[in-house]
Amino acid sequence: MTDAPLPIPRGQQLALGNLMGVGSMVFWAAGFPAAEVLLDTWDPLALIFARFVMAMLILLPVWAVLDGGAVLRRARWGRGTFVGGLAFGVGAYLIILAQWLTDPVTVAIIAAASPVSATVIEMMWDKRRLRLPFLLGLAASVIGGVVATGNAPQTNLGLGAFLAVIASFLFTWGSFIAIRDFPDLTPLGRTTITLFGGLLVTGIAFLVAALARWVPVPAQIWDGQTLGLLAIYGLGGLALSQFLWIAAVGRLGVAITAFHVNIAPFYVMLFLVALGQAWSWPQAIGAAVVALGVVLAQR
């Protein structure tokens with residue numbers, strides 16, 4: 001399901017949508033090195049909650065200033081909370097849990113199939129008709145995503161893999177519903193109202209877990225380095241990334257936008273190369289194959 005807020009030619013619309021998709025994944029990838037450092041001392045649930053807090057600290061006031069308080073008061077907060085809590089709150093935790101039960105490679109390979117989940121969603125809810133160029137692009141995206149995981153060892157399947165599949169489906173479903181169910185909101189409004197649901201779900205989960213002493217409260221929260229890493233992970237890796245993602249879905253549809261997810265490992269590798277890690281040709285080749293898929297699918 002797409003929207004076209006501006007009366008511009010289709011070619012420019014697609015170009016702008018793809019540029020937003022690229023930007024979304026670049027900012028998303030930038031959060032991974034920050035998360036790696038924070039996870040050395042933070043429990044995953046605490047980190048997910050803090051990430052949502054940082055994102056909402058910027059999204060809510062900016063939305064209120066740009067769109068006006070009346071828009072916030074009229075917004076369907078109940079629906080937004082349900083969709084965002086399930087898709088982005090539960091989905092985010094399932095991804096972390098899946099990685100804990102398996103390994104990062106397994107989760108990355110399953111995430112490479114997210115365009116398939118998005119396509120199924122568009123077929124079920126938006127009556128997408130599958131044509132040969134799209135199918136070729138979809139195949140290229142999935143293959144490129146798997147190649148971009150690098151020289152992977154044997155992966156672990158089972159419960160963790162199942163949770164990763166569910167998380168992928170929830171994320172693409174939530175992105176589609178954010179466009180369909182909030183046609184009167186801007187991309188900023190759609191992003192904020194759904195991520196607010198993720199904030200509530202992860203916040204309640206963290207509060208219960210902390211009170212039960214299942215999850216420790218981070219010892220260092222207010223030092224400069226921690227706040228800086230949280231800003232990268234929450235503001236860039238979630239708030240700005242999700243805003244660009246929702247805007248891209250509105251222009252391209254969730255299926256084609258999901259193709260861009262499979263280039264994310266290449267962007268992560270670029271950031272890590274800047275920090276001293278070696279260049280990875282499998283990730284570069286995989287990204288090129290995915291980019292080809294994006295072009296083919298939109299012909």
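1. Helices (H or I, at least four residues) and strands (E, at least two) are DSSP runs, numbered from the N terminus. Read from the N terminus on, the elements run α-α-α-α-α-α-α-α-α-α-α-α-α.

2. On provenance: this is a predicted model, where local features need pLDDT of at least 70, side-chain atom pairs count only at pLDDT 80 or more, and totals for chains, interfaces and linings use all residues. Residues are numbered from 1 along each chain as its sequence is written, and side-chain values use heavy atoms, with hydrogens and water left out.

3. Burial and surface come next. The protein chain has 299 residues, and 49% of them count as buried. Buried means under 20% relative accessible area, exposed over 50%, and partly exposed in between (1.4 Å probe, protein chains only). The chain exposes about 14,000 Å². Carbon and sulfur atoms supply 71% of that area. The areas come from the Shrake-Rupley method with a 1.4 Å probe; for residues, only the protein chains shown count as cover.

4. Now contacts (heavy atoms within 4.5 Å). Take those in the protein chain with a separation of 6 or more: 85% of them join residues 24 or more positions apart.

5. Helix H9 covers residues 187-211, 25 residues in total. Its expected span is 1.5 Å times one less than its number of residues, so it should reach 36 Å; the end C-alpha atoms are 36 Å apart, which agrees. After H9 comes Arg 213, with a positive phi near 60°.

6. The salt-bridge rule asks for a side-chain nitrogen of Lys or Arg within 4 Å of a carboxyl oxygen of Asp or Glu. The count by this rule is two. One of them pairs Arg 79 with Asp 181, with the closest N and O atoms 2.8 Å apart. Arg 79 lies in helix H4 (residues 77-101) and Asp 181 in the loop between H8 (159-180) and H9, so the pair ties together parts 102 residues apart in sequence.

7. Asp 181 also bridges to Arg 180, where the closest N and O atoms are 2.7 Å apart. Shared partners join Arg 79, Arg 180 and Asp 181 into one network. Asp 181 is buried, at 11% relative accessibility. Arg 79 is partly exposed at 26%, and Arg 180 is partly exposed at 30%.
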